[in-house]
Amino acid sequence: MDGDMAGTAPSSAAGKLARFPCGPKTKYAVVLFWVIAVVCMAPLAGKLGDVQENEAVNWLPSSAESTQVYKVMEKFQNPNEAPAVVVYERREGLTDADRERAKNDAAAFNDLEGVEAPVEGPFESEDGKALQMVVPFDMGDKGNGWEKLPDFVDEIKSFDVKGDGMLVYVTGPAGFNGDFAAAFDGTEGALLLAALAVVILILLMTYRSPILWLLPVLSAVFALIVAMGIIYLLADAGALTVTAQAQIILSILVFGAGTDYALLLVARYREELRRHEDRHEAMAFALHRAGPAVFASGVTVLLGLLCLSFADMNSTSSMGPVLAISIGVGLLVMMTLLPAMLVIGSRWMFWPTHPDFGTSDPSEQGIWSKVAGAITPRPRTIWVGTTLVLAALSFGVTQIDSDGLSYEDSFTNVQDSIVGQKALEAHFPSGTGDPVIVMTDAAHGDSVAEALGRVDGIVPDSVVQSPDAGGLSYLEATLTDPPDGDAAKDTIERVRDAVHAVPGADVRVGGSTAVQLDTREASSRDNKVVIPITLIVVFLILMVLLRALVAPLLLLGTVILSFAAAFGLSAIVFTHLLNYEGTDASLPLMGFVFLVALGIDYNIFLMTRVQEEARQVGTRRGAIVGLTATGAVITSAGLVLAGTFSVMTAVPMIFMVEIGFLVAVGVLLDTFIVRSVLVTALALDFDRHIWWPSPMSKADHLPGQGDGGHEAIPAKVPALVGVTAAANAEIAHTAAPAAFSEVSPAAAPAPSPWQKTDAGVPPIAPVGLTNGAAPTPAMPLIPPVAPPVVPAVAPPVPSPSPERNGTMGRVTHENLLAGPPATLLPELDEARSLMDNGTDATEVAARFPDYSRAWATLADAAFTRGSVVESYAYARTGYHRGLDALRRSGWRGHGPVPWDHEPNQGFLRSLHGLGRAAAAIGEEAEAQRCFSFLTESSPAAAEALVAPRS
């Protein structure tokens, strides 16, 4: 049963902060705080849709001409007016009854709620087959009037008489925007439920528990409610522009990214529960160790999204803060509420499996260790090949047009407004009901009107000039082409050139077509500005986090390549499989920011763990351990994020389908290919140089020395075989084992003649004195393996004097000196064979998931090959790594070390190998101390290690 906090959790400032959410009393305060926050924010979150700004003109910057026209339109007409173009069509020709019916309908439309201005028409087409009228609808200046359009359009359609042979369509701005609003109507709730189902399914598959998934999901729901409440308050105050797209994406992002953070925290908590009997202490350690990586990842995503604030498009620039707020709240909830609920729930939350104290961690074995083993022998070949494949995929971007979508091409299905637009084009000028709007000073109104009427693409004699007001002149003209097409945008450019050329006139050109043109130009500018800013911000964050230059550059390059490959692959699918005409103008920027921020997210999880391990065992081994340790949880996190974004493809709008598909594909590529294969291979190939210019990149830097900015735990362990005793700040109060407390320094053993480092010098050299005593052997660089001339039989092992046997019998001592039992070390033959073939020691060690066990195996293999000094070096490395693992599991330098707990075996075997090698070089006292502690702390280990040899 869990007890109270034992007081052994991290005592640093960060450690004390980590203990707050999971303290025996404070955990309840944390839960109460978030419950109160949700109760207060829930009513506000439900009103977020009321403050949406979905009119395209409100998305543009104030500098755009179309925006400036919109701001002064109220002098001449209602700027909140959306005209509905109603088309009556009888293909065999209109009848008098048709004309009379249209007149009656026009009178009835004047009485509809929201119709404040008179209905224009009906007007008959020249071919006598169609009628059209313009019904102006006032959306209102408060609330989200955009959402009223579907009901208004349906009300007009209700006047249609079925079966009389005359077809009735509603198109124009009200028809188009009504279809957009209908596409989003109810979508948010459906997508939220779909995302919730995806998250629950993946959590069930990941945890294999019918209970545990509840806590991450509940935490995500809390985060979503609080984030939406905060965003509503800011939007209602005019500080943010919220669109329907932004609201959908923030919901998806909270569930996806929030669950990612939950997965990482729960994985580390489960790991710590196996090392700590007290669950409060286990969570404190989990937060202290996993918290910095999760926090750094969340901050990177948050700052990356805030880079959208530099965009000109209001819809894009406001989406940055909206999504950043959602990420910030989600991160805060997952780092406080989730830990508190997990600790309150205790170990039973993991049912039917329980991470009980002392049990082994099954994640140490699995597919990711096999992947790491496959990459290790040939990392350069793998990263070069992977890069070429991803680069080839990126060429797919040449297959798609990213200049924007027409109304017709914006939906995944055929909309009524599009059918109506085609009917309108068949009988009337295509731009009817959606005119070009020109504003100029009153003194130049006539000149501007004349210039406007001469522009190619404007219907002759369609220019209408309203009476001047407020010193301004208002003009309208009808386009000959559909207002949402490229030809109409070209006409707007010609109109602007023509009217701007009028001497002395201060002219602005607006209208829906001008809005689309300005949107395309602003989006193009945003791509050129925001993308570089995002790259710079992410690079600086990585540089500070990793304290290096090479690693951040490589990581940034991988996510850029990942985005290019994802975009290229998506473009091929959009163009050749789905037959889309192009993409929304904002897709490249939105996709880039999402994938770079989220892609770096996973690379941070991996590389912080690689760096943590590299400080202890070197970069190559650290890369293998990092991938093995993080592979499963990051894969689950990637599946969650890809699954949540993929639900956006259910929205019947091309932009939502494309952004959902692009992010999902990009996350999967990054999770399974870029992070697991490309980044790992780069780390293996660049080795220590990846940390340049930090001390970890130096040739004389030894594992355990730290990097100048981080504490190196292995360098501060109890004295053994001549290593000075030193205490970590967090473990200084704990005494070293009695068996080790009075170890006298031993002289450095002389290296074999063939043993040299890369620099050509012996790997073991004196590095200092202990209390004026003889030099102590330094932690060696991994020496190269011996050439084939090394003797195959170990030299005679001197037996210790009988009076030095202590509590052991002479037979036991001699058996411990004899070497490893073959039945205990099934991997020994493989390791020895690899070393005989010249395989680098770090690559041999990489074959085993437990690095302490790996070095013990190397020590045994070297000993049986006659390389005693090499065996001494490997055993010493394994000892320090195993000791660090013991301290992480809560061992404080005293008490038994159970042999049947598999993670302890690497430490005990390394200790045995160290004593054996010390005896072989004549240091009997050192051997005696090693063997004495071995038999006293773990009799089962001594018994196993003296088992009969085969």
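**Turns, sheets and helices**

Analyst: Start with the hairpin of strand 6 and strand 7: two residues lie between the strands, and Gly470 has a positive phi near 60°. This is a predicted model, in which local features need pLDDT of at least 70 and side-chain atom pairs count only at pLDDT 80 or more, while totals for chains, interfaces and linings use all residues. Residues are numbered from 1 along each chain as its sequence is written, and side-chain values use heavy atoms, without hydrogens and water.

User: Which residue stands opposite Leu472 in strand 7?

Analyst: Strands of a sheet pair through backbone hydrogen bonds, either parallel or antiparallel. Here Ala469 stands opposite Leu472, and Ser466 stands opposite Tyr474 in strand 7. Strand 6 (residues 464-469) and strand 7 run antiparallel, joined by four bridges. Strands (E, at least two residues) and helices (H or I, at least four) are DSSP runs, numbered from the N terminus, and two strands pair if DSSP finds at least two bridges between them.

User: In what order do the strands of that sheet come?

Analyst: The sheet is open, with four strands in the order 6-7-5-8 and antiparallel pairing. Strand 6 and strand 8 (508-510) are at the edges with a single partner strand each, so one side of each has no neighbour in the sheet. From one strand to the next, the twist averages 20°. Helix 3 (residues 65-72) packs on this sheet and touches strand 5, strand 7 and strand 8. The direction of helix 3 makes about 90° with that of strand 8. Strand 5 (residues 436-441) is joined to strand 7 (residues 472-477) by six bridges, and the two run antiparallel. Ile437 stands opposite Glu476 in strand 7.

User: Which strands make up the open sheet with the order 2-3-1-4, and how do they pair?

Analyst: Four strands form that sheet, and the pairing is antiparallel. Its edge strands are strand 2 (120-124) and strand 4 (167-171), each pairing on one side only. Nine bridges hold the pairing of strand 1 (residues 81-89) with strand 3 (residues 130-138), in which Glu81 stands opposite Asp138. Helix 14 (residues 416-427) packs on the sheet and touches strand 1, strand 3 and strand 4.

User: Where is a cis peptide bond next to Pro122?

Analyst: Most residues other than glycine have a negative phi, and most peptide bonds are trans. Gly121 and Pro122 are joined by a cis peptide bond, with omega about 15°, and Pro122 is in strand 2. Another cis bond joins Trp692 and Pro693, with omega about 5°. Pro693 lies in the loop between helix 21 (654-686) and strand 9 (766-769). As for phi, Asp461 has a positive value near 60° without being glycine, and Asp461 sits in the loop between helix 15 (445-453) and strand 6.

User: At what angle do helix 18 and helix 19 pack?

Analyst: Helix 18 (residues 550-577) and helix 19 (residues 587-617) pack at about 135°, their axes 9 Å apart. Axes are lines fitted to C-alpha atoms, for helices over the stretch in contact, and angles run from 0 to 180 degrees between N-to-C directions. The two helices are therefore oblique to each other; under 35 degrees counts as roughly parallel, over 145 as roughly antiparallel, 65 to 115 as roughly perpendicular and the rest as oblique. Their crossing is right-handed, that is, the near helix is turned clockwise from the far one by less than a right angle.

User: Which residues of helix 18 meet helix 19?

Analyst: Among them are Leu555, Val559, Phe563 and Phe567, while the helix 19 side includes Phe592, Leu595, Ile600 and Met607. The contact (heavy atoms within 4.5 Å) has 13 nonpolar, four polar and no charged residues. Here Ala, Val, Leu, Ile, Met, Phe, Trp, Tyr, Cys and Pro count as nonpolar, Asp, Glu, Lys and Arg as charged, and the others as polar. Ring pairs (centres within 6.5 Å) link Phe563, Phe567 and Phe592 into a cluster.

User: What is Arg520 in contact with beyond its neighbours in sequence?

Analyst: Leaving aside neighbours within four places, Arg520 contacts Asp403, Asp486, Lys489, Glu493 and Ala585. Arg520 lies in helix 17 (residues 512-546). Arg520 and Met313 are 207 residues apart in sequence, yet 9.8 Å apart in space, C-alpha to C-alpha.

How values were computed
Phe/Tyr/Trp six-rings, centres within 6.5 Å; stacked < 30°, edge-to-face > 60°.
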